[in-house]
Amino acid sequence: MGKLKTQSLQKRDSDLANSNRQLEILSNGIFADGELPTFKTKISETNQFPLKAKKLEILQINVGYMCNQVCEHCHVDAGPDRKEIMTRETMQQILDVIKTTGAHTLDLTGGAPEMNPNFRWFVEEASKIGISDFIVRSNLTIIRANKKHYDLPDFFKKHNIHVVSSMPHWTRGKTDKQRGEGVFDMSITALQELNKRGYGMPDSGLKLDLVYNPNGAYLPGDQVTMEKDFKKALLEDFDIQFHNLFAITNLPIARFLDYLIASENYEDYMYSLVEAYNPAAVENVMCTNTLSVSWDGYLFDCDFNQMLALPVNSKSKHISEYKEELLEGRNIVISQHCYGCTAGAGSSCQGVVTD
Amino acid sequence: MSKTYYDPADLRKFGKISEWNQELGDKFFDYYGKVFEEGALTAREKSLIALAVAHTEQCPYCIDAYTKDGLQRGITKEEMMEALHVGAAIKSGATLVHGVQMMNKVNKLEM
């Protein structure tokens, strides 16, 4: 594996910064010549096509692609050089929607959501409305990256935020290889700070979950076993506690797709995903109960479709014209990347989707 | 025909061996699957044993398969290499322990 990149694909003028080019790769080659079935063919075998949206449960908001890290596997192609940031005006439109939505979960993601200059205002306003589960996906290092963020654990606690944080491995080497030098130590410090406030402690209402995603061209192992291993190692080595581990499959999009192709792992990886296809996971795949809102207010079936610029198949396409009744029952837009969410026990932003 | 004896892509076709003898193929894969289930040993421990044996058997397919399996289980490269040394130690020990036979034979033949 080469040296960790410090710029996004977009900044590097990479071919793969273009979502059409990514979709072309995902539709050609092994999928065009019939060597592997397309996702549409596969779900048709079990009469699961077209995949339809059920009742909305999770509203996931991407508040911007700017991030303090340039992780090698990032499907957002996030980084310090990305300038797409949600405006206060769009946030206000979202707040109006939150007041009327039937969704029980609000899920803020990015980039590093905390880097949006209106992040704290938005969290304060949204928490006033009252939503039962308010998630912020924090990369942990942002808490230690700059003094102005040091009080984030207190801010999270004040608003009873459910913190979901990335942690690729319990060892320094594997973590830094994926996310950059020094990330492991900063993440450990940030977790200890969260623990001090009560986050992640047994019986604590302050929820702290970790996200594990593989550090290369392979699928995640069993989530329950991985959770046990993570808990044991983090407690023994660093006295850190957390609640749940979500094992998430890397989808062949943006920088992870770039990595798969550059390392000549693309075909093998797609084979692994297709071989691990599980029709039971299709039933509960997250796009059926989630709606993703982009930094500029457009609606998508999931964060992955957002990055591939595949908008929702509905007349309600923007948060300014949001109508939940129009979105329910819509046909989900699919391509071969969807195999990432149906492999093995399935994968979603909340981890596996089957028992 | 391939000009090399081993093609990494052949590993994906392993399941096809059942096509020429469904009954025995099925029995083998049922047995194989059962062996690797969690039992008195964890699936993780079994994966490390399989990795070590893959090397002593010098099976390139098995090495690819159980290296990937180990990574999926969060097994570290340090653990993998230690497992390999166990295999290597048994292999070299198995060679050297036959030295006793050689010594016995020498002692018997020499005056």
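In which loop of chain A is Asp77(A) found? Asp77(A) sits in the loop between strand 1 and helix 3 (88–98) of chain A, where helices (H or I, at least four residues) and strands (E, at least two) are DSSP runs, numbered from the N terminus. The model is predicted, so local features need pLDDT of at least 70, side-chain atom pairs count only at pLDDT 80 or more, and totals for chains, interfaces and linings use all residues. Residues are numbered from 1 along each chain as its sequence is written, while chains are lettered from A and ligands numbered from 1 in the order in which they are written.

Asp77(A) has a phi near 60°, a positive value in a residue other than glycine. Asp77(A) is also buried, with 28 other C-beta atoms within 10 Å; a residue counts as buried if 20 or more other C-beta atoms, placed from the backbone, lie within 10 Å of its own, as exposed if 12 or fewer do, and as partly exposed in between. Asn47(A) likewise shows a positive phi, near 55°, but this residue is exposed, with 7 other C-beta atoms within 10 Å. Asn47(A) belongs to the loop between helix 2 and strand 1 of chain A, and Pro50(A) is placed in the loop between helix 2 (39–45) and strand 1 (58–62). The peptide bond from Phe49(A) to Pro50(A) is cis, with omega near -5°. Another cis bond joins Gly110(A) and Gly111(A), with omega about 25°; Gly111(A) lies in the loop between strand 2 (105–109) and helix 4 (119–129) of chain A. For context, most residues other than glycine have a negative phi, and most peptide bonds are trans.

Turning to the sheet, eight strands of chain A form an open, mixed arrangement in the order 6-5-4-3-2-1-7-8, two strands being paired if DSSP finds at least two bridges between them. Strand 6 (245–247) and strand 8 (299–300) of chain A stand at the edges with a single partner strand each, so one side of each has no neighbour in the sheet. Helix 9 (residues 223–238) of chain A packs on the sheet, touching strand 5 (208–212) and strand 6, and its direction makes about 135° with that of strand 6. Here, residues are in contact if their C-beta atoms, placed from the backbone, lie within 7 Å; axes are lines fitted to C-alpha atoms, for helices over the stretch in contact, with angles from 0 to 180 degrees between N-to-C directions. Asp222(A), in the loop between strand 5 and helix 9 of chain A, is partly exposed, with 19 other C-beta atoms within 10 Å.

Among the helices, the axes of helix 7 (residues 172–179) and helix 8 (residues 183–196) of chain A come within 8 Å and cross at roughly 110°. Helix 7 of chain A is therefore roughly perpendicular to helix 8 of chain A (angles under 35 degrees count as roughly parallel, over 145 as roughly antiparallel, 65 to 115 as roughly perpendicular and the rest as oblique). Helix 7 contributes Arg172(A), Thr175(A), Asp176(A) and Arg179(A) to the contact, and helix 8 contributes Val183(A), Phe184(A) and Ser187(A). In helix 11 (residues 266–275) of chain A, the buried residues include Tyr266(A), Tyr269(A) and Leu273(A), and their cover includes helix 10 (254–262) of chain A.

Finally, seven residues of chain B are in contact with 11 residues of chain A. The predictor gives the complex an ipTM of 0.81 and a pTM of 0.91.

Key. Two residues are in contact if their C-beta atoms, placed from the backbone, lie within 7 Å.
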